[in-house]
Amino acid sequence: MSGYLAGLLAMLSINIIVAYSVFLPGSAGLLNLGAAGFVLVGAYTAGALSSLYDMPLAPAIALGSAMSALVAFLIAFPILRTRGIYMVLATFAFAEVVGGVLLNIPSLGGAAGLSVMAYAGLPVVVPCAIGTVAFVAWLMRTRFGLSVRAIHDDESVAHLFGVHLRMTQVMALTLGGAVGGLGGALLVHQFNFIDVQSTGVLFSIYVLLYVLMGGTQTVWGPLFGAIFFTLVPEGLRKLSELDPSLKFLEGGRYIVFGVAVVLIMMLRPQGVITRTMIEGWGGSARKKEAGA
Amino acid sequence: MSIALQLEGVSKSFGGLKVIDDVSFSVPTGSRTALIGPNGAGKSTVFNLISGVYPIDSGRISALGQNITQMSVAHRVGHGIARSFQNIRLMPHLSTLENVMLGEHHRSRPWELVSSRKASAKARATLERAGLGTYPGQVVADLPYGIQKRIEVVRALMAEPRILLLDEPAAGLNNVETEELRRLLQTVSDSGVTLLVVEHDMPFVRHLCNHVVVLNFGRKIFEGTPEAVKQDAAVLEAYLGTPDAMEARHA
Amino acid sequence: MQLLQQIVNGLMLGGILAFVAVAFTLTIGMLNFLNFTIPALFMLAGMVTWALSSSGGHFMGLGWHWTYAAAAGIAVAVLASLLIERFTYRYMKARFGDATEHALPLVSSLGFLIIFEHLAMMFWSGDPQRFELPFKSSTLEIGGLMFGIPHLISLASAIVLVALLNGILERTRLGRALRSIAENPDAATLMGVEVQRIVPVVFVIAGVLSALAGILYAASYGTVTPFMGDAIATDAIAGMVLGGLGNIWGAIAGGLLVGLVKVLAISTFGAEIEKIPVWGLLLVILIVRPQGLFGHTRIGKGKF
């Protein structure tokens, strides 16, 4: 596999993982505009452990994820006291505070960022992505997944039937943090570098957009969103390199992304992949089985 | 005759408005009791008080021999009280099966699978018995109103209640659907579940119920048999106050 | 002395932030819509003004006088704002009833933000461009303190504009119509308010405010880039929350406060610290006192 394709696949895998970190709280109705926060915690923790303390890759990454989960757990209670637009702003503020704090830790490189030597290549990153998707797919099929989606649709009836609102939301946010931390830990070891500047507001916005465009109704939405919105802009860029007359595609690919966002919100706001769609496929498969 | 559910001197105010005023009645075990009254009489509020959505201001509610006045909402479900809602309150983005399985959620553990055949067997069977077996995987928002209403009843049944509160279960149903609902409820009642039904559909009530409680302006004005309620002066006055509505309902 | 100068600098920045904060708070208060395209409007006005008034080989390099360029900058921002109104807010409302039930307009506005920023990048490249206005470097010295003329203009005009806005809202029919829409759009329609014609006014006002801020910013700090709106907008949002969502005077106070905190923090602790005081304070306010320092109008406790 060429270096370019390998890099692309690694990027895609990480994007998928980070997308799921936004999906988890999102499926409970918690819109997270602070994905960068969890990614940064995971990246800096894992990066510091592997470079400053010479920890081997696997435990460093695991601890990066765990640290992010802990931070998510701690921040969950105060953030869940807010509602609606205030909650969106709170998640955003959280990510900014994380970035701000990290910028001021000189041993972690400050504004210049953190460089690490240890490398996590495809054999690490891709299985993690697959594992993440499998985990979330399983999770959403459990009672916990049902609680999460029930809260999203109708909190008070969910509560009536025994769903623990606060604990479920906290768990969703904590798991989202763990997954985001994993993404960050992998990110820093794939690119051998992390800095606050490049993993900030725009990063959080893009990840949120992949997930919303893909669809938050099912587990497959974020996967589709991450794949489509990683590969298509890259594809457009490659195309623009091939033929000089297509140069505009290079700058234009983000415009295409923006237009896609607006169009999807206008025409299919629940995202491309919806529950009804998946059930429809399942239904026709079942019909085929039954020979109907 | 034992009493499944009893309200004693229950009152509830919202802001300055006394919505339920010193209401007392008993629901005999195994009965099919109707809670009727003109619009605004407080019937849905009574349900909300029984299921614990609102706390009562004064009085006492007992269910199945226990004082449940202070019991939390989720505990009441575990205790054996389940309900349906006047305006359908299903989870629109979830499938029929998932909605229905929410009924038994309080007895489950977070890591148990919901979508395996084994886990959903009971839900499928209950849906079948209710005549809703063809819709398990469908997203409920896509289903017709009449079907959704009956799915909500099945959800309540999944909680294995001993007392089933139904808030206008027949509203919006056509004749065929209403009859199927009545048959379902009869079966449920025959299995020993006590029914308390709020309804405006008088023929439905007369067909199904053997005990009637009438509310008006937050007060109980009658409690007794369906035959007696037709004769009672206070009830007639309450309903005759809105002649057009009376006409429509008895049509 | 140094401290006083920093305070002055902070208030100068705050003046510009105040404009943008008012644009945000007006849109959220009237329409329950957190409009993420406002940074793009800010940028468009700044960049168009720069482009038109200079005569390099770039797109729109027509060498106009800065007054015409500025007017055009404002016009472009207002047009863009109306575009947003048409395709996010109005569309959502028509299709889904309550435009704010979901995060749709917010997400849609993010899409437009991306579109505008990258259009600007396509036309003018991502490099910072120098913007020289004749009065850019003129300063006023009072008691040993330096006041930049453009900054003073920002501050003064922010106050004047908001007083004007407040007057319109409180005393004119238009203002009453706007306030009734903010309270309850359906009731407003029943009362004969032509919601379709009035809502765009809010977008126009927000556009003008953002545009003026963008032009003043360019004049004050001398550079424009396609992403110049981002940092300003995030700070302005902080100012809006501090002042209380929907509270116009609060937005001015909040904007000034954020400007002050930022400049003081940077001058005391260095540039890296800037995020912590502002966003830390904001996080605490959101959790503990979401109505901000001055209270808000009825907003956003619903979905979005």
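**View 1. Two domains of chain B, with centres 25 Å apart over C-alpha atoms.** In this predicted model, local features need pLDDT of at least 70 and side-chain atom pairs count only at pLDDT 80 or more, while totals for chains, interfaces and linings use all residues. Residues are numbered from 1 along each chain as its sequence is written, and chains are lettered from A and ligands numbered from 1 in the order in which they are written. Domain 1 of chain B covers 3-80 + 161-250 and domain 2 covers 91-160; such bounds come from an automatic or database domain assignment.

**View 2. The side of domain 1 of chain B that touches domain 2 of chain B.** Here 15 residues of domain 1 are in contact with twelve residues of domain 2, contact meaning that C-beta atoms, placed from the backbone, lie within 7 Å. Two or more residues each come from α2 (73-79), β7 (163-167) and α6 (175-190) of chain B. Helices (H or I, at least four residues) and strands (E, at least two) are DSSP runs, numbered from the N terminus. α6(B) gives the most, with five residues.

**View 3. The side of chain C that touches chain A.** In chain C, 37 residues are in contact with 37 residues of chain A. The helices α3 (66-96), α4 (104-124), α9 (228-243) and α11 (275-288) of chain C each supply at least two residues of this side. With twelve residues, α4(C) gives the most.

**View 4. Chains B and C, which no contact joins.** The closest C-alpha atoms of chain B and chain C lie 14 Å apart. Two pairs of chains are in contact, and of these, chains A and C share the most contacts.
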